[in-house]
Amino acid sequence: MGMSYRRYLNGARIYGCSSCKTHLATIHSMISRAFHGQHGRAYLFDGVVNVIEGEPNDRVMTTGNHTVRDIYCCKCGQTLGWKYVGFLPSTVLTSSSAYDRGGVQDRAYEASQKYKEGKFILERNLLVDVQ
């Protein structure tokens, strides 16, 4: 395992980890401020840097069931938010055709939530403005 380097971002407004101020995202990668996390307001970003992704797990959220990965600061390990991996419908297809393929069930992803896949939530109370 080699040495890992942190990325430093340029821009008018940079969000960083509240514990160690490691750069995470810029205002230009923010998609929405209309989200809520465990600690209050949260922001949806198209991309973040200097994070480590945890294992995927299913969570029930206000918009439905989602598969997410918690994200952590690469320097201090503080939990910062999560990454959307996928959307799980509340009712899973259980037709006989699903069992014909060896028990694998189809997932009918809800179109209104598909835009979140691959995006990141950073909780505002866990961030600081670095610049």
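Which strand does Val51 lie in? I looked it up: Val51 sits in strand E5, residues 51-61. (Strands, E, are DSSP runs of at least two residues, numbered from the N terminus.)

**Ground rules.** I'm working with a predicted model, where local features need pLDDT of at least 70 and side-chain atom pairs count only at pLDDT 80 or more, while totals for chains, interfaces and linings use all residues. Residues are numbered from 1 along each chain as its sequence is written, and side-chain values use heavy atoms, with hydrogens and water left out.

**Val51.** Leaving out residues up to four places away in sequence, I found Val51 touching Leu24, Ile71, Tyr72, Cys74 and Leu80; contact means heavy atoms within 4.5 Å. I also checked Thr22: it is 29 residues from Val51 in sequence and 9.5 Å away, C-alpha to C-alpha.

**A sheet.** Next I traced three strands forming an open antiparallel sheet in the order E2-E1-E9 (two strands pair if DSSP finds at least two bridges between them). E2 (23-26) and E9 (127-129) are the edges; each has a single partner strand, so one side of each lacks a neighbour in the sheet. I saw E1 (residues 14-17) pair with E9 over three bridges, with Cys17 opposite Leu127.

**Confidence.** The mean pLDDT (the predictor's confidence in each residue, from 0 to 100) is 83, and 79% of residues reach 70 or more. Over residues 91-108, though, I found pLDDT staying under 50.

Note on methods
Helix = DSSP H or I, 4+ residues; strand = E, 2+ residues; numbered from the N terminus.
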